[in-house]
Amino acid sequence: MSERTAVQSSVGAAPARRRIGVRGRLHRVDAKASPYLYIAPFFLLFLVFGLFPLGYTAWVSMTDRTLLDPHAHFVGLANYSALLHDSYFWNAVENTLGIWVIATIPQLLIALGLATLLNTGLHARTFFRMGVLLPQVTSLVAVALIFTQLFSRDYGFINYMLHFVGIHKVDWEAGRLSSWIALSVMVTWRWAGYNALIYLAAMQGIPDELYEAAAIDGAGAWKQFIHVTIPQLRNTIIFTVIISTIGGLQLFTEPYLFQPLKQGGTGGSARQYQTVVMYLYEKGFGSTQFKFGYAAAIGWSLFLLIAVISAVNLFIVRRIRTSEA
Amino acid sequence: MSTVAQQAPAPPRRKKRKASRRIGSAGPVTYIILGLVLLISIFPLYWSLVVASHDNSAVAAYPPVLTPGSQLWHNISRLFNSGEVNVDFWKALINSAIVASTVTVAVVFFSSLAGFAFAKLHFRGRNALFLLVIATILVPVQLGVIPLYIEMVHFGWVNHLQAVIAPNLVTAFGVFLMRQYIAQSVPDELIDAAKVDGCYTLGVFWHVVLPAVRPVAAVLGLLTFMTTWNDFFWPLVVLGPRNPTVQVATSTLASGYVQDYALVLTGTFVSILPLLIVFLVLGRQIVSGIMKGAVKG
């Protein structure tokens with residue numbers, strides 16, 4: 001304080017003292033302001049490229065905006081009421097939920113099993129961990145294109161293997177359930193190992209004493225898994241379920257490339273595997289419609305759907321502790 | 001996380017291993033199952049190599065051909081021959097390299113900076129703002145694609161690389177990872193000492209924090225590079241086949257009038273090769289990065 005008054009009172013003070021004063025003040029400003037400066041890039045970028053577009057989606061969805069005609073008219077909830085009566089939209093919702101369920105549940109169960117295996121006293125641990133993570137390195141486009149070939153009707157490797165057990169020439173892409181299964185195989189293949197590593201990390205944080213106590217109580221490996229491992233992994237399971245929900249309900253690349261010759265985003269000749277994001281893409285960019293208002297309404301509806309389903313999941317998974325422990 | 005606490009009860013026979021709980025021991029069944037899982041992990045990638053190294057008649061062979069052929073170079077030269085394919089694959093590779101490198105450097109830098117502020121600097125609203133960063137992970141920003149596209153039209157960025165670079169310059173995951181690491185492994189004394197020496201906070205960041213975060217910065221960089229290299233939806237929307245990233249180019253190959261599986265899977269194979277090499281060399285770090293990111297407070 002005295003320093004500051006000294007500098008302020010005499011303009012002709014010794015240059016050395018003055019510099020100290022200015023530096024002191026700069027340091028104080030630095031300590032106060034710079035933290036905000038350092039975290040600003042994240043928030044600014046998120047605002048400009050994340051939050052604002054998402055919020056603006058709500059506005060665009062209440063207009064009849066198209067790409068070519070930016071002078072949009074406010075139409076209120078017309079897009080939404082049209083959406084409610086749009087059978088293609090409900091079809092897409094059904095497909096998305098169906099694929100999500102048959103992709104997520106096996107995937108997380110496989111991941112739990114894999115994590116348990118990886119958590120045993122293995123030789124070459126890093127080798128096996130890298131092995132299960134390998135699919136995650138593969139891009140979605142590569143996964144989709146490779147599996148599309150593997151699942152092809154006439155020459156696909158999967159049909160070739162199936163003919164040994166008496167199943168002949170499944171047209172995976174053409175059927176509804178069969179296309180869902182094929183897509184969920186792609187999703188599971190890419191994500192199971194990644195989730196296994198996340199479970200493994202959490203399993204290694206479980207204290208030994210819990211297992212010892214369970215063993216003293218006469219619990220075998222299976223009971224230990226059910227009564228110790230699962231409840232202890234509760235938060236991690238919640239995390240993976242929520243992330244899989246958010247990701248799974250936005251499924252796009254695999255179904256989009258499942259029928260490579262027709263990339264309009266219709267998801268098969270009968271729209272048997274068109275997901276909601278594909279429908280958004282079709283309305284916004286895929287065909288020649290460029291119905292931005294309508295596409296935005298689809299986006300905002302999916303946002304609500306994701307929020308509701310995440311909440312339901314949270315509610316279900318949170319019961320793990322109360323019912324198991 | 002709690003490995004130190006578990007050292008005491010570990011039986012002496014296993015003293016070299018990290019002391020963490022293992023249910024049962026790894027019997028032959030475990031190895032057989034894991035071996036099968038590895039086979040399933042590798043097979044689709046191997047399959048893409050098999051198809052990429054034959055001509056199209058082999059694709060239609062029955063039973064399927066299961067060994068690599070001799071046409072790989074021929075197919076690769078077809079891939080890069082602009083007369084034969086509907087997309088400029090060289091340009092795509094260069095574009096992806098530019099985008100992924102720029103994004104990687106920026107994410108590591110901005111995440112370290114923000115992580116440093118959240119871990120070591122005191123300011124009002126610190127905890128609330130950090131929670132806000134975490135919460136943004138749960139926001140499905142992809143659904144804002146329509147207005148984001150309108151934004152890009154306004155900026156004049158449609159079909160330009162900055163459209164896929166700018167939205168990805170910093171990630172919540174990066175900030176989170178960096179904060180955790182800096183909070184644990186950069187001692188306060190080091191920072192105080194630098195301050196006593198007259199460093200401004202930016203100087204502390206530059207001289208103390210940045211050198212200290214190198215290991216985790218490498219991990220974050222690798223993960224970011226992979227994510228960016230593999231990104232598809234947004235580049236597809238905003239770039240299109242004229243100025244594509246490698247993922248857009250690969251998908252464009254598959255949309256030709258004739259289904260040229262050999263060519264499509266050659267493109268696929270070439271597009272995953274760089275990451276495959278990185279993964280083989282640095283897989284250990286990538287595994288540890290994912291597991292570190294998973295253990296959250």
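Tutor: Happy to; here is the contact, followed by its neighbourhood. This is a predicted model, in which local features need pLDDT of at least 70, side-chain atom pairs count only at pLDDT 80 or more, and totals for chains, interfaces and linings use all residues. Residues are numbered from 1 along each chain as its sequence is written, while chains are lettered from A and ligands numbered from 1 in the order in which they are written.

Two packed helices are described by the angle between their axes and the distance between the axes. In chain B, helix α4 (residues 89-120) packs against helix α8 (residues 172-185) at about 50 degrees, with the axes 7 Å apart. Helices are DSSP runs of H or I with at least four residues, numbered from the N terminus; axes are lines fitted to C-alpha atoms over the stretch in contact, with angles from 0 to 180 degrees between N-to-C directions. α4(B) and α8(B) are therefore oblique to each other, the term left over once angles under 35 degrees count as roughly parallel, over 145 as roughly antiparallel and 65 to 115 as roughly perpendicular. Their crossing is right-handed, that is, the near helix is turned clockwise from the far one by less than a right angle.

On the α4(B) side, the residues involved include B:Val107, B:Ala114 and B:Phe116, and on the α8(B) side they include B:Gly174, B:Met178 and B:Ile182. Contact here requires C-beta atoms, placed from the backbone, within 7 Å. The residues of this contact divide into nine nonpolar, four polar and two charged. Nonpolar covers Ala, Val, Leu, Ile, Met, Phe, Trp, Tyr, Cys and Pro, charged covers Asp, Glu, Lys and Arg, and the others, Gly among them, are polar.

Now for the other chain. A:Tyr38 lies in helix α2 (residues 15-60) of chain A and touches B:Leu113, B:Ala114, B:Phe116 and B:Ala117, leaving aside residues up to four places away in sequence. With 22 C-beta neighbours inside 10 Å, A:Tyr38 counts as buried (20 or more is buried, 12 or fewer exposed, and in between partly exposed).

Zooming out, 83 residues of chain A are in contact with 88 residues of chain B. On the chain A side, α2(A) gives the most, with 19 residues, and the classes are 58 nonpolar, 22 polar and three charged. Chain A itself has 14 helices and zero strands, and buried residues make up 43% of its 325 residues.

Notes: Helices (H or I, at least four residues) and strands (E, at least two) are DSSP runs, numbered from the N terminus. Two residues are in contact if their C-beta atoms, placed from the backbone, lie within 7 Å.
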